[in-house]
Protein chains: 2
Amino acid sequence: MSTPSLIAVDWGTTNFRAYLAGADGKVFAQRESPKGILSVENGAFAGVLRGEVTAWIRAHGTLPVMMSGMIGSRQGWVEAPYVRCPAGVRSIAAELTEFEVEGIGTVHLVPGLDHVPPGEPPDVMRGEEAQIVGAIAALTAREATFVHPGTHSKWVAVSGGAITGFTTYMTGEVYGALRGHTILGRLMRDGAPAGGGFLQGVEAARRGGPAGRLLHQLFSVRTLGLFELLPADELPEYLSGLLIGAEIAASARAGETITIFGSDELTMRYGKAAEALGVAWNRGPSDSVVAGHLLIARAAGLLGAAP
Amino acid sequence: MSTPSLIAVDWGTTNFRAYLAGADGKVFAQRESPKGILSVENGAFAGVLRGEVTAWIRAHGTLPVMMSGMIGSRQGWVEAPYVRCPAGVRSIAAELTEFEVEGIGTVHLVPGLDHVPPGEPPDVMRGEEAQIVGAIAALTAREATFVHPGTHSKWVAVSGGAITGFTTYMTGEVYGALRGHTILGRLMRDGAPAGGGFLQGVEAARRGGPAGRLLHQLFSVRTLGLFELLPADELPEYLSGLLIGAEIAASARAGETITIFGSDELTMRYGKAAEALGVAWNRGPSDSVVAGHLLIARAAGLLGAAP
């Protein structure tokens, strides 16, 4: 029977999540709060962490605390380095940033990853890597493409147990900026659209063109509203389909199956667009964050031998 | 010797411009103010117009007033129709919207243009058409590509004296939304950049890729700052080069020369990007708005015979 062995913390920009985990992956307790790093004032991260996990430490004694996410960014608590791709669990575990926190013990901060394709600017990731490490361990195939949709979507190439590279798309953030701060939002209305707008956007993305063409295609969100070719409550869906469709059309390779990790809503949205574009997909495991933290902790010698 | 024959008004979203013109193109007086339609409250357009041009009417008697620009949009004074491309001065002059304004006389509102490429959403233009009509009249070649950079850049195909089609790119507005309302603005600083950032952005655009690739390339604005590969005051330039370069790379056809109409600053920016991309360019005439209004007025029978 396992006992609590690790406190795994996934601390992002908008959310804080912590898991009390056994070495075998059992989750004894978990906490979630909106205390993302942007909500923490004056660098009071230690206080937030104590507030969330002190009860577990009182009950079970001092445990290693593993943290990943934007908490390790320049805007976070302590800046953790980036590990260069290709990277696997061992290279990640070799670059943990460790520091002591009063009332908690030792915190082990997971590094981010960077990827520098030849002749291209660098790309970076911080937060998805722990989840990916966990999902890689559960893979049966040697190769896979993981998609982490969101504010900054990540397309991750996995091969032979390592992350060989990845590409970031600013899809979610661009959607928000265009909807909230350009003329495209003016004709939009929230509502319960009858449907069709999203797939019409994906279809526009399928027609594609060169990169700059997107700057033109966006304008159709306005003209379709202006000419009443789409109802006002379908326009946000059309914009979403256009951007997500463009992301998938630019990334997916013929014949591959992508594995999507995301909330129910985003996963369904990406899956629907992938289907319309002829890209096969499945859904990634939802518990891989804890599995990833445990694998990194074990590789770093924090958990002893396998149970 | 010519006398004042027309009041030509170019009334856009942010600016109001009026010209007192003779039938031969001579400009006797002009006024410019920041009283664009967005600054006019409660639809008080008549009052603004009277404030700007009443002195001219007192001095020279009632004259036809020709207006173009967003003043004819749904957010403007009176909504003017769109004329379908291909369109020339006669089809535009046949669709003037006319109404009486107390203390002014008859106002003739120039229609917008729309263009519906087969299988594509419609595109629209409102404001550039008067300037284009004037520039077409000054053309020596039968064919030309006019570029009107700005919030919504227009690429206009001209052939045999008519506007045969056009494509809108939301380049300027997307730049503003990304800079002001996404993470890309966080690492930016205004300053006097040493130079190089703009052309580095154009070069990134030249590498191109499919439409969705732009959503990835944008992220390099962040990573180049994060890794200190570009100084903070070059990042706005890099973003500008990336977007303008993407627009030009998506639009320009091999071997053609584009004619750019814009402010000094925007024209130089587009010209620099065009050169870097191997696209020949020249600058359009700066006085074509008045020429366009006069041509439309003449075609509508408002000026009598040619002088």
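Which residues have the most contacts inside the largest nonpolar core? They are A:Ile296, B:Ala8 and B:Ile296, in a core of 194 residues. A nonpolar core is a set of buried Ala, Val, Leu, Ile, Met, Phe, Trp, Tyr and Cys residues joined through C-beta atoms within 7 Å. A residue is buried if 20 or more other C-beta atoms lie within 10 Å of its own, exposed if 12 or fewer, and partly exposed in between, with C-beta atoms placed from the backbone.

The model is predicted: local features need pLDDT of at least 70, side-chain atom pairs count only at pLDDT 80 or more, and totals for chains, interfaces and linings use all residues. Residues are numbered from 1 along each chain as its sequence is written, while chains are lettered from A and ligands numbered from 1 in the order in which they are written.

Contacts of A:Ile296 were examined beyond its neighbours within four places in sequence. Its partners are A:Met66, A:Val89, A:Ile92, A:Ala93, A:Val110, A:Ala130 and A:Val133. Two residues are in contact if their C-beta atoms, placed from the backbone, lie within 7 Å.

Between the chains, 41 residues of chain A are in contact with 41 residues of chain B. On the chain A side, two or more residues each come from strand E9 (123-125), strand E12 (162-169), helix H4 (171-181), helix H6 (213-217), helix H7 (219-226) and helix H8 (235-251). Helices (H or I, at least four residues) and strands (E, at least two) are DSSP runs, numbered from the N terminus. H4(A) gives the largest share, 7 residues. By class, this side of chain A has 23 nonpolar, 14 polar and 4 charged residues. Ala, Val, Leu, Ile, Met, Phe, Trp, Tyr, Cys and Pro count as nonpolar, Asp, Glu, Lys and Arg as charged, and the others, Gly among them, as polar.

In chain A, 5 strands form an open sheet of mixed pairing, in the order E12-E11-E10-E13-E14. E12 and strand E14 (280-283) of chain A stand at the edges with a single partner strand each, so one side of each lacks a neighbour in the sheet. The twist from one strand to the next averages 25°. For such angles, axes are lines fitted to C-alpha atoms, for helices over the stretch in contact, and angles run from 0 to 180 degrees between N-to-C directions. Strand E13 (residues 257-260) of chain A runs parallel to E14(A), joined by 4 bridges. Strands pair if DSSP finds at least two bridges between them. A:Ile260 stands opposite A:Arg283 in E14(A).

Chain B also has an open sheet of 5 strands, ordered E12-E11-E10-E13-E14, with mixed pairing. Strand E10 (residues 143-148) and strand E13 (residues 257-260) of chain B run parallel, joined by 3 bridges. There, B:Thr145 has B:Ile258 of E13(B) as its bridge partner. B:Val156 lies in strand E11 (residues 153-159) of chain B. B:Val156 counts as buried because it has 27 C-beta neighbours inside 10 Å. Beyond four places in sequence, B:Val156 is in contact with B:Ile132, B:Thr145, B:Phe146, B:His148, B:Ile163 and B:Phe166.

Elsewhere in chain A, strand E6 (residues 97-101) is hardly covered, with 0 buried residues among its 5. E6(A) pairs with strand E7 (residues 105-109) of chain A in the antiparallel sense over 5 bridges. A:Glu98 stands opposite A:His108 in E7(A). The hairpin has 3 residues between the strands, and A:Gly103 in this hairpin takes a positive phi near 80°.

Helix H5 (residues 197-207) of chain B has buried residues B:Gly197, B:Phe198, B:Gln200, B:Gly201, B:Val202, B:Ala204 and B:Ala205. Their cover includes helix H6 (213-217), helix H7 (219-226), helix H8 (235-251) and helix H9 (264-276) of chain B.

The peptide bond from A:Cys85 to A:Pro86 is cis, with omega near 0°. A cis peptide bond also joins B:Cys85 and B:Pro86, with omega about 0°. A:Asn42, not a glycine, has a positive phi of about 55°. A:Asn42 is exposed, with 6 other C-beta atoms within 10 Å.
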